Amino acid sequence: MTLRTEPVVVNVGPHHPSTHGVFRMKLTFDGENIIDAEPVIGYLHRGTEKLAEERQYTQVITLTDRLDYVSSMTNNQAYVLSCERLVGIEPPARGKYLRVIAAELQRVASHLIGVGFFLQELGVFGGTALMYAFRERERILDMFEMLCGARITLSYMRIGGVLQDAPEEFWPSLRSFLDDMPGYADEMQALVFESEIVRARAIGVAPVSAEDAVAASFTGPILRASGVAWDWRKAAPYDVYDQVEFEVPTCEGGDNYDRFWVRMQEVRQSLRIIEQCCAQIEPGPVRATMAMLFRPPPGEAYVPIEAPKGELGFYLVSDGSIAPYRCHVRSPSFMSLTLFREMLVGWKLADAIVTLGSLDFNMGEVDR
Amino acid sequence: MTTATAGTALAEALRERFPNAVQEADAHAAWIEPSAIADVCLFLRDDPAHDYKMLSSLTAVDYVEHFEVVYRLTSLSRNATALLKARARGRESPSLPSVSGVWRGADLQEREVWDLMGVAFEGRPNLKRILTWEGFQGHPLRRDYLEPPLPYSWPHGG
């Protein structure tokens, strides 16, 4: 007698702890194996692009905080860079250095979340790894509080520079963080990288080839994990990334383990960048003098930046009025879902959850 | 530093292969004849002199008299970008040929443009709403979109 199986559709989410916010997936199973997968998104759609059309250019900065809400600094940065290109102003040097320091701290914080939740979703260590990651992230949030008074929705960057200079107590905190963080990264690495469970469940799971990743508009760590050394900080340096030295870590396999590994290495490179910025930064103004309310000349601007999750850019179209005529957000997380079906088919439900963790997308940015 | 290919240079490069494809060009972008957009994109992807293997983004702008779909191409090997635009006419049923067969990455973005802007893409499967729900009326990113009145009212007081 042969056993016959019926395909079963299982709905995961939108309210589920492992779906990174409100993400729903419709998985079809044949026995235990996934034979079809469909992402269903839009539960967090707030119409950011439409809202931006009704606000002055400076007011849109607060909307960008809420896109990828674990990395507000880089959202701010992408937006103000596009605005500056549109208006044609240049921030002072100290403002640029503060931006890069803040953005790299944000990258560390975002990758800590990515790595922490990835390990959480593996179900190993019972949440220890996540709490380790959050402990370090907490110090970064404290530093952000010193910079601008907020911890998550920062709005620290302004068109033409940053809100204000870093206070005196910021620098000792940053120094001690830079001293401690490599040790914490080693600790995290020792805890998980050689763990048999992590290796067995992540190596070789849901691989993406370099060709597929490029064709699917993957950017950021998930592209570099597939072996493509592409980084907008190198390709088109903005702010002061042309003044600092750093490497672009890549992997070959493009599987879940590699995506995780690339993020851990990027944390170390970010610390390297911050060290150099601290050595190079000089006293001076942090913000160019300009009007709060301004009318850019008609035209358009797009400046791609390397956000923690990949290429982030704001396509701004100006019609000469006080508000953008069109503000499109090119969000890396949205593109990360392109190969959703291809990555999951053939794997099991537990692998699907881990793959979501390794893609590290953020629903605030996917749905906008 | 990334080379932003001038639209005029792109028009020049395309003239030989596609004599009638480029409508106009300026320092930033080239406007492509809508019927030729998919062929031009395929050529730009596969021709080694261009090698635009990645579609960085695809979006649309509503200029009221027409819709402009914006294709931002990136060549990782040459560290170059190019900007293509195509105009879709009409407000009832504007449409363009799909490029999701050229770049896989266009798939979700075309669905987003259809959902929010109401520009359809021909020759692709599964063109359905993505950020709003099935049954949503209208396309909210259009300039003339008006929010429908709520089918209920809040009770007085408070």
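Me: This is a predicted model. Where in chain B does Asp51(B) sit?

Reply: Asp51(B) lies in a loop of chain B, between α2 (37–46) and β4 (54–62).

Me: Which residues does Asp51(B) contact, leaving aside neighbours within four places in sequence?

Reply: Three names to look up: Ser75(B), Ser77(B) and Arg78(B).

Me: What separates the C-alpha atoms of Asp51(B) and Ala4(B)?

Reply: A distance of 14 Å, for residues 47 apart along the chain.

Me: Now the helices. How is a packed pair described?

Reply: Two values do it: the angle between the axes and the distance between the axes. Here, α4 (residues 93–122) and α11 (residues 256–280) of chain A pack at about 160°, with axes 9 Å apart. Angles over 145 degrees count as roughly antiparallel, so α4(A) is roughly antiparallel to α11(A).

Me: What is the hand of the crossing of α4(A) and α11(A)?

Reply: The crossing is left-handed.

Me: Which residues of α4(A) and α11(A) meet?

Reply: On α4(A), they include Tyr97(A), Ile101(A), Val108(A) and Phe118(A). On α11(A), Phe260(A), Met264(A), Val267(A) and Ile274(A) are among them. By class, this contact has 13 nonpolar, 4 polar and 4 charged residues.

Me: Next, the sheet. What is the strand order in the open sheet of 3 strands in chain A?

Reply: The order is β1-β2-β3, with antiparallel pairing. The edges are β1 (7–12) and β3 (33–40) of chain A. Each has a single partner strand, so one side of each is left without a neighbour in the sheet. Neighbouring strands are turned by 20° against each other on average, direction ignored.

Me: How many bridges join β2(A) to β3(A)?

Reply: There are 7, between β3(A) and strand β2 (residues 24–30), and the two run antiparallel.

Me: Last, the interface. How is its size often given?

Reply: Often as the accessible area lost when the parts come together. For this structure, take the residue counts: chain A gives 26 residues to the contact and chain B gives 24.

Me: Which elements give two or more residues to the side of chain A that touches chain B?

Reply: They are α1 (48–52), α8 (210–215), β8 (310–318), β9 (326–330) and α12 (332–336) of chain A. By class, that side has 14 nonpolar, 6 polar and 6 charged residues.

Terms used
Residues numbered from 1 in each chain as written. Chains lettered and ligands numbered in written order. Predicted model: local features only at pLDDT ≥ 70, side-chain atom pairs only at ≥ 80, totals over all residues. Helix = DSSP H or I, 4+ residues; strand = E, 2+ residues; numbered from the N terminus. Contact = placed C-beta atoms within 7 Å. Nonpolar A, V, L, I, M, F, W, Y, C, P; charged D, E, K, R; others polar. Pairing = 2+ DSSP bridges. Axes fitted to C-alpha atoms, helices over the stretch in contact; angles between N-to-C directions. Parallel < 35°, antiparallel > 145°, perpendicular 65-115°, else oblique. Left-handed = near helix turned anticlockwise from the far one by under 90°.
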